[in-house]
Amino acid sequence: MAAIYSLYVINKSGGLIFYKDYGSAGKMDTNDTLRLASLWHSMHAISQQLSPVSGCFGIELLQADTFDLHCFQSLTGTKFFVVCEPGTQHMENLLKHIYELYTDYVLKNPFYEMEMPIRCELFDISLAQAVQKERVALLGR
Amino acid sequence: MQFFGGTEISPSPPLPTASGNNGNMMYIFNRNGVCLLYREWNRPLKTLSSQQDHKLMFGLLFSLKSLTAKMDPTSAEKGNLGVPQLPGQGCSFHSFRTNTYKLSFMESPSGIKIILVTHPRTGDLRDSLKYIYNLYVEYVVKNPLYSPGTPIRSELFNKTVDQYVRGLG
């Protein structure tokens, strides 16, 4: 059964602005998530330097023994990445959909400060709906 | 994780699909970060000197391993970020893909890291990396004139690896 474990959103400087856990085994405290987010931001940048051909935009998929990590980077440098079970399909579409929700519910919110942690209720609600729909779709296949 | 399957010492190589020119670069590091081998077949863009490039690659892999061990969603007990992991301890990644390349990684129990950089649409190369590791054991480790921890200078090994990588799909 393919499942989503967690979702991170990081701003263009590498700071974590949103984190949601959907069922990892170990609880991670806030400091750890912040560190992991910055670490990912740096790794993403370094991977562009090691490319054999020009035009590299950074890591899109990382495959490990027990999980896969899909990353989507917007044109402005905001990164959305999701930790899921190995072999989960259609994560790129989910990430693009989450990016749309971000632009609608976060960026168009006049009280939201750029690069700050996201505290928008509508974003949380529609994100939960999107992830739930994805879960149901994955179970059905 | 059983590293060597059954009684085979050198598993037969995965069937090559002979489309040629797929491999870009290959690195072999030992556990101390010494680059034992660097092969380059197709690398139009070179941004750094070789020394810096090797260090950057090793550093990237070390940090990615640390990240995957900490981010593992299936284990409850995780060490702190940055604590060096023993080979085989904790979750480790085996490949990552960008829009321009795919990097496949394998670490042996003795800390020998083999990295293959290929075209982004390459499939799973874990078996191929195991085969390259066996080539390393046969041609390099079993060579009485080779001292461990020093760069590999074996024409035969280079030729065999070149030939094998050229045959990968």
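Student: How many residues of chain B are in contact with chain A?
Tutor: This is a predicted model, in which local features need pLDDT of at least 70 and side-chain atom pairs count only at pLDDT 80 or more, while totals for chains, interfaces and linings use all residues. Residues are numbered from 1 along each chain as its sequence is written, chains are lettered from A and ligands numbered from 1 in the order in which they are written, and side-chain values use heavy atoms, with hydrogens and water left out. Contact means that heavy atoms lie within 4.5 Å. On the side of chain A there are 36 residues in contact, and on the side of chain B the number is 38.

Student: In what order do the elements of chain B run from the N terminus on?
Tutor: Helices (H or I, at least four residues) and strands (E, at least two) are DSSP runs, numbered from the N terminus. Chain B has three helices and five strands. From the N terminus on, these elements follow the order β-β-α-β-β-β-α-α.

Student: What share of the residues of chain B count as buried?
Tutor: A residue is called buried under 20% relative accessible area, exposed over 50%, and partly exposed in between, with a 1.4 Å probe and protein chains only. Among the contacts in chain B with a separation of 6 or more, 54% are between residues 24 or more positions apart. Of the 169 residues of chain B, the share that count as buried is 49%.

Student: How much area do chain B and chain A bury between them?
Tutor: The size of an interface is often given as the accessible area lost when the parts come together. Here buried area is the accessible area (1.4 Å probe) that two parts lose on being put together, summed over both. For chain B and chain A, 68% of that area is on carbon and sulfur atoms, and the total comes to about 3400 Å².

Student: Which residues of chain B lose the most area to chain A?
Tutor: The interface of chain B and chain A buries about 3400 Å². Three residues in chain B together make up 20% of what that side buries, and they are B:Met71, B:Pro73 and B:Arg97.

Student: Which element gives the most residues to the side of chain B that touches chain A?
Tutor: Across this interface 14 residue pairs, both at pLDDT 80 or more, are in polar contact, a term for a pair of N or O atoms within 3.5 Å where, within protein, one must be able to donate a hydrogen and the other to accept it, and where residues adjacent in sequence count only if both atoms are side-chain atoms. The elements of chain B that give two or more residues to this side are strand E1 (23-29), helix H1 (50-71) and strand E3 (93-98). With 10 residues, the element that gives the most is H1(B).

Student: Which residues are joined into one network by salt bridges that share partners?
Tutor: A salt bridge is a side-chain nitrogen of Lys or Arg within 4 Å of a carboxyl oxygen of Asp or Glu, and there are two between chain B and chain A. The side chains of A:Asp32 and B:Lys70 meet in a salt bridge at 3.2 Å, N to O, and this pair crosses from helix H1 (residues 30-49) of chain A to helix H1 of chain B. A:Asp32 and B:Lys70 are both buried. Salt bridges that share partners make one network of A:Asp32, A:Arg35 and B:Lys70.

Student: Which residue meets A:Glu60 in a salt bridge?
Tutor: A search over all chains finds 12 salt bridges in the whole structure. At 3.4 Å, N to O, the side chain of A:Glu60 meets that of B:Arg97.

Student: Why does B:Thr98 count as buried?
Tutor: B:Thr98 lies in strand E3 of chain B, and its side chain reaches the backbone nitrogen of B:Thr100 at 3.1 Å. Leaving aside neighbours within four places in sequence, B:Thr98 is in contact with A:Ser47, A:Cys56, A:Gly58, A:Ile59, A:Glu60 and B:Pro120. B:Thr98 counts as buried because its relative accessible area is 1%.
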